[in-house]
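Thanks for coming, everyone. I have one structure to walk through today, so let me put it on the screen.

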Amino acid sequence: MNLLLAEDDAILADALTVQLRRSGFEVEHAPNGAVAEYLLLKSPFDIAILDLGLPMVDGLTVLKKLRAARRNLPVLILTALDSLDDRVSGLNAGADDYLTKPFDFPELKARLHALLRRGRPLTAGQELGNLNFDRNARRASVHGESLELSPREWLLLDLLLLERDRVVTKEQIVTAWAQDRGENGGGNSVEVYIHRLRRKLEGTGLQIRTVRGLGYLLEAEAGGGLHTPT
(Lines give C-alpha, C1' and ligand atoms only; values in the text may rest on other atoms or scores of the structure.)
Protein backbone atom coordinates (compact mmCIF):
# COMPACT_ATOMS: atom_id res chain seq x y z
CA MET A 1 0.00 0.00 0.00
CA ASN A 2 1.77 3.12 -1.24
CA LEU A 3 0.98 6.21 0.82
CA LEU A 4 1.89 9.85 0.35
CA LEU A 5 2.34 11.79 3.58
CA ALA A 6 2.18 15.55 2.98
CA GLU A 7 3.24 17.10 6.29
CA ASP A 8 5.58 20.04 6.97
CA ASP A 9 6.19 19.27 10.65
CA ALA A 10 9.40 17.22 10.40
CA ILE A 11 9.08 15.63 13.86
CA LEU A 12 5.49 14.54 13.29
CA ALA A 13 6.30 13.36 9.76
CA ASP A 14 9.20 11.21 10.99
CA ALA A 15 7.09 9.66 13.77
CA LEU A 16 4.18 8.97 11.42
CA THR A 17 6.46 7.50 8.77
CA VAL A 18 7.87 4.99 11.28
CA GLN A 19 4.41 3.98 12.55
CA LEU A 20 2.89 3.72 9.09
CA ARG A 21 5.75 1.58 7.80
CA ARG A 22 5.37 -0.73 10.79
CA SER A 23 1.70 -1.02 9.80
CA GLY A 24 2.55 -2.19 6.29
CA PHE A 25 2.51 1.05 4.29
CA GLU A 26 5.18 2.18 1.85
CA VAL A 27 5.51 5.87 2.73
CA GLU A 28 6.79 8.77 0.67
CA HIS A 29 7.04 12.13 2.44
CA ALA A 30 6.29 15.51 0.90
CA PRO A 31 7.48 18.40 3.14
CA ASN A 32 5.53 21.09 1.27
CA GLY A 33 2.58 21.56 -1.06
CA ALA A 34 4.65 21.92 -4.22
CA VAL A 35 6.29 18.52 -3.73
CA ALA A 36 2.97 16.97 -2.73
CA GLU A 37 1.27 18.29 -5.86
CA TYR A 38 4.05 17.00 -8.11
CA LEU A 39 4.11 13.53 -6.54
CA LEU A 40 0.33 13.14 -6.48
CA LEU A 41 0.02 13.98 -10.16
CA LYS A 42 3.07 12.02 -11.34
CA SER A 43 3.31 8.92 -9.10
CA PRO A 44 0.86 6.09 -8.34
CA PHE A 45 -0.34 6.03 -4.74
CA ASP A 46 -3.04 3.99 -3.03
CA ILE A 47 -3.90 6.70 -0.51
CA ALA A 48 -2.71 10.11 0.75
CA ILE A 49 -2.57 11.98 4.05
CA LEU A 50 -2.70 15.72 3.44
CA ASP A 51 -2.07 18.58 5.85
CA LEU A 52 -3.90 21.80 4.97
CA GLY A 53 -1.26 24.19 6.34
CA LEU A 54 1.50 23.24 3.92
CA PRO A 55 4.14 25.83 2.85
CA MET A 56 4.54 26.99 -0.78
CA VAL A 57 1.18 25.55 -1.87
CA ASP A 58 -1.55 25.02 0.74
CA GLY A 59 -3.17 21.61 1.11
CA LEU A 60 -6.60 22.73 -0.07
CA THR A 61 -5.12 23.95 -3.37
CA VAL A 62 -3.23 20.67 -3.78
CA LEU A 63 -6.45 18.74 -3.21
CA LYS A 64 -8.43 20.83 -5.69
CA LYS A 65 -5.77 20.33 -8.38
CA LEU A 66 -5.76 16.60 -7.69
CA ARG A 67 -9.53 16.38 -8.13
CA ALA A 68 -9.43 18.63 -11.21
CA ALA A 69 -7.15 16.03 -12.76
CA ARG A 70 -9.95 13.50 -12.05
CA ARG A 71 -7.79 11.40 -9.76
CA ASN A 72 -9.93 9.20 -7.49
CA LEU A 73 -7.18 8.70 -4.94
CA PRO A 74 -8.52 8.41 -1.35
CA VAL A 75 -7.37 11.46 0.60
CA LEU A 76 -7.47 11.92 4.36
CA ILE A 77 -6.94 15.47 5.61
CA LEU A 78 -4.87 15.60 8.80
CA THR A 79 -4.75 19.13 10.17
CA ALA A 80 -4.89 21.37 13.22
CA LEU A 81 -7.68 23.38 11.55
CA ASP A 82 -10.76 22.12 13.35
CA SER A 83 -13.51 24.68 12.73
CA LEU A 84 -16.72 23.67 11.00
CA ASP A 85 -15.89 25.91 8.03
CA ASP A 86 -12.47 24.24 7.66
CA ARG A 87 -14.00 20.75 7.71
CA VAL A 88 -16.70 21.69 5.23
CA SER A 89 -14.17 23.34 2.91
CA GLY A 90 -11.92 20.29 2.99
CA LEU A 91 -14.71 17.83 2.29
CA ASN A 92 -16.20 20.02 -0.43
CA ALA A 93 -12.79 20.25 -2.09
CA GLY A 94 -12.74 16.48 -2.43
CA ALA A 95 -11.35 15.01 0.79
CA ASP A 96 -12.66 11.56 1.70
CA ASP A 97 -12.10 11.97 5.43
CA TYR A 98 -11.01 14.67 7.88
CA LEU A 99 -9.06 14.13 11.11
CA THR A 100 -7.87 16.92 13.38
CA LYS A 101 -4.69 17.16 15.44
CA PRO A 102 -3.96 16.01 18.08
CA PHE A 103 -5.03 12.46 17.18
CA ASP A 104 -4.42 8.86 18.19
CA PHE A 105 -2.53 6.73 15.68
CA PRO A 106 -4.90 3.70 15.98
CA GLU A 107 -7.77 5.92 14.83
CA LEU A 108 -5.73 7.27 11.91
CA LYS A 109 -4.79 3.74 10.89
CA ALA A 110 -8.41 2.53 11.13
CA ARG A 111 -9.60 5.45 9.00
CA LEU A 112 -6.95 4.71 6.36
CA HIS A 113 -7.98 1.07 6.14
CA ALA A 114 -11.64 2.08 5.93
CA LEU A 115 -10.88 4.40 3.00
CA LEU A 116 -8.86 1.70 1.26
CA ARG A 117 -11.69 -0.83 1.64
CA ARG A 118 -14.20 1.71 0.37
CA GLY A 119 -12.09 2.43 -2.69
CA ARG A 120 -11.54 -1.18 -3.74
CA PRO A 121 -13.81 -2.41 -6.53
CA LEU A 122 -16.36 -4.88 -5.22
CA THR A 123 -18.00 -7.61 -7.20
CA ALA A 124 -21.55 -8.82 -6.69
CA GLY A 125 -20.40 -12.44 -6.56
CA GLN A 126 -17.12 -14.12 -5.78
CA GLU A 127 -16.01 -17.72 -5.75
CA LEU A 128 -13.09 -18.91 -3.69
CA GLY A 129 -12.50 -22.64 -3.50
CA ASN A 130 -15.95 -24.17 -3.15
CA LEU A 131 -17.40 -21.05 -1.51
CA ASN A 132 -19.77 -18.77 -3.40
CA PHE A 133 -20.06 -15.36 -1.75
CA ASP A 134 -22.66 -12.84 -2.90
CA ARG A 135 -22.12 -9.53 -1.13
CA ASN A 136 -25.15 -7.76 -2.59
CA ALA A 137 -27.56 -10.55 -1.70
CA ARG A 138 -25.74 -11.11 1.63
CA ARG A 139 -25.62 -14.83 0.91
CA ALA A 140 -22.88 -17.46 1.05
CA SER A 141 -23.09 -21.07 -0.07
CA VAL A 142 -20.94 -24.17 -0.47
CA HIS A 143 -21.76 -26.52 -3.34
CA GLY A 144 -25.16 -24.84 -3.54
CA GLU A 145 -25.88 -25.37 0.16
CA SER A 146 -26.48 -22.18 2.16
CA LEU A 147 -23.79 -21.36 4.70
CA GLU A 148 -25.40 -20.18 7.93
CA LEU A 149 -23.45 -17.25 9.33
CA SER A 150 -24.12 -14.98 12.30
CA PRO A 151 -23.88 -11.20 11.66
CA ARG A 152 -20.34 -11.10 13.06
CA GLU A 153 -19.27 -14.19 11.13
CA TRP A 154 -20.60 -12.58 7.95
CA LEU A 155 -18.72 -9.34 8.59
CA LEU A 156 -15.57 -11.30 9.42
CA LEU A 157 -15.74 -13.35 6.22
CA ASP A 158 -16.54 -10.23 4.18
CA LEU A 159 -13.50 -8.45 5.61
CA LEU A 160 -11.21 -11.43 4.99
CA LEU A 161 -12.37 -11.53 1.37
CA LEU A 162 -11.99 -7.77 0.89
CA GLU A 163 -8.46 -7.92 2.29
CA ARG A 164 -7.74 -11.28 0.68
CA ASP A 165 -4.22 -10.30 -0.33
CA ARG A 166 -3.37 -8.76 3.03
CA VAL A 167 -3.20 -9.80 6.67
CA VAL A 168 -6.29 -8.68 8.63
CA THR A 169 -5.51 -7.42 12.13
CA LYS A 170 -7.69 -7.77 15.21
CA GLU A 171 -8.08 -4.01 15.17
CA GLN A 172 -9.57 -4.13 11.65
CA ILE A 173 -11.98 -6.87 12.70
CA VAL A 174 -13.18 -4.90 15.73
CA THR A 175 -13.61 -1.80 13.55
CA ALA A 176 -15.71 -3.79 11.06
CA TRP A 177 -17.82 -5.13 13.91
CA ALA A 178 -18.51 -1.61 15.20
CA GLN A 179 -21.41 -1.40 12.73
CA ASP A 180 -23.00 -4.52 14.27
CA ARG A 181 -24.75 -3.85 17.57
CA GLY A 182 -26.60 -7.14 17.60
CA GLU A 183 -23.87 -9.06 19.40
CA ASN A 184 -21.47 -8.34 22.22
CA GLY A 185 -18.29 -10.27 22.92
CA GLY A 186 -15.55 -10.36 25.51
CA GLY A 187 -11.85 -9.80 25.07
CA ASN A 188 -11.38 -13.17 23.33
CA SER A 189 -14.31 -12.71 20.93
CA VAL A 190 -12.09 -12.35 17.85
CA GLU A 191 -10.45 -15.72 18.49
CA VAL A 192 -13.85 -17.29 19.20
CA TYR A 193 -15.34 -16.09 15.90
CA ILE A 194 -12.22 -17.05 13.95
CA HIS A 195 -12.55 -20.56 15.39
CA ARG A 196 -16.25 -20.74 14.49
CA LEU A 197 -15.66 -19.50 10.96
CA ARG A 198 -12.80 -21.94 10.45
CA ARG A 199 -15.13 -24.83 11.30
CA LYS A 200 -17.81 -23.58 8.92
CA LEU A 201 -15.28 -23.25 6.09
CA GLU A 202 -14.14 -26.87 6.41
CA GLY A 203 -14.47 -28.61 3.08
CA THR A 204 -14.57 -25.37 1.10
CA GLY A 205 -10.92 -25.50 0.07
CA LEU A 206 -10.26 -22.43 2.22
CA GLN A 207 -8.28 -21.89 5.37
CA ILE A 208 -7.84 -18.99 7.77
CA ARG A 209 -4.17 -18.82 8.64
CA THR A 210 -3.00 -17.14 11.83
CA VAL A 211 -0.02 -14.87 11.17
CA ARG A 212 1.55 -14.73 14.60
CA GLY A 213 1.75 -11.24 16.04
CA LEU A 214 -0.07 -9.69 13.06
CA GLY A 215 -3.52 -11.17 12.42
CA TYR A 216 -5.30 -13.52 10.03
CA LEU A 217 -5.13 -14.36 6.34
CA LEU A 218 -7.78 -16.12 4.24
CA GLU A 219 -6.10 -18.50 1.80
CA ALA A 220 -7.22 -20.97 -0.84
CA GLU A 221 -5.75 -24.43 -0.38
CA ALA A 222 -3.79 -26.00 -3.21
CA GLY A 223 -5.89 -25.95 -6.36
CA GLY A 224 -8.21 -23.19 -5.12
CA GLY A 225 -8.60 -19.78 -6.70
CA LEU A 226 -10.61 -16.59 -6.59
CA HIS A 227 -12.61 -15.38 -9.54
CA THR A 228 -15.70 -13.41 -10.39
CA PRO A 229 -18.49 -15.44 -11.99
CA THR A 230 -19.30 -14.45 -15.55
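I'll start with the whole chain, then take the sheet, the cores and a few single residues.

First, the ground rules. This is a predicted model, with local features needing pLDDT of at least 70, side-chain atom pairs counting only at pLDDT 80 or more, and totals for chains, interfaces and linings using all residues. Residues are numbered from 1 along each chain as its sequence is written, and side-chain values use heavy atoms, with hydrogens and water left out.

Now the overview. The protein chain has eight helices and 12 strands. Helices here are DSSP runs of H or I with at least four residues, strands are runs of E with at least two, and both are numbered from the N terminus. Of the 230 residues, 45% count as buried. Buried means under 20% relative accessible area, exposed means over 50%, and partly exposed is in between, using a 1.4 Å probe on protein chains only. Contact means heavy atoms within 4.5 Å. Among contacts with a separation of 6 or more, 58% come from residues 24 or more positions apart.

Next, the open sheet. In what order do its five strands run? The order is β2-β1-β3-β4-β5, with parallel pairing. Two strands pair if DSSP finds at least two bridges between them. β2 and β5 stand at the edges with a single partner strand each, so one side of each has no neighbour in the sheet. The twist averages 20 degrees from one strand to the next. Look at β4, residues 75–79: four bridges pair this strand with β5 in the parallel sense. Isoleucine 77 is opposite tyrosine 98 in β5. Helix α4, residues 84–92, lies across β4 and β5 and runs at about 150 degrees to β5. For such angles, axes are lines fitted to C-alpha atoms, for helices over the stretch in contact, and the angle runs from 0 to 180 degrees between N-to-C directions.

Isoleucine 49 lies in β3, residues 47–50. Is isoleucine 49 buried or exposed? Buried, at 2% relative accessibility. Leaving out residues up to four places away in sequence, isoleucine 49 touches Leu3, Leu4, Leu5, Ala6, Leu20, Leu76, Leu78, Leu108 and Leu112. Isoleucine 49 and leucine 5 are 44 residues apart in sequence, but 4.9 Å apart in space, C-alpha to C-alpha.

Asparagine 32 comes next. Find it in the loop between β2 and α2. Asparagine 32 is buried, with a relative accessible area of 12%. What does its side chain reach at 2.8 Å? The backbone nitrogen of valine 35. Beyond four places in sequence, asparagine 32 touches Leu54, Pro55 and Met56.

Now the cores. A nonpolar core is a set of buried Ala, Val, Leu, Ile, Met, Phe, Trp, Tyr and Cys residues joined through side-chain atoms within 4.5 Å. The largest one has 26 residues, and Leu157 and Leu201 have the most contacts inside it. Elements giving two or more residues include β7, β8, α6 and α7. Which element gives the largest share? That is α6, with seven residues. Apart from this core lies another of 21 residues, including Ala6, Phe45, Leu54 and Leu66.

Last stop, the antiparallel strands. β7 and β8 are joined by four bridges. Arginine 139 in β8 is the bridge partner of aspartate 134. β8 then pairs with β9, residues 145–146, in the antiparallel sense over two bridges. Valine 142 stands opposite glutamate 145. β8 and β9 make a hairpin with two residues between them, and histidine 143 in the turn has a positive phi of about 55 degrees.

That's the tour. Questions, please.

How values were computed:
Polar contact = N/O pair within 3.5 Å; in protein donor to acceptor, adjacent residues only side chain to side chain.
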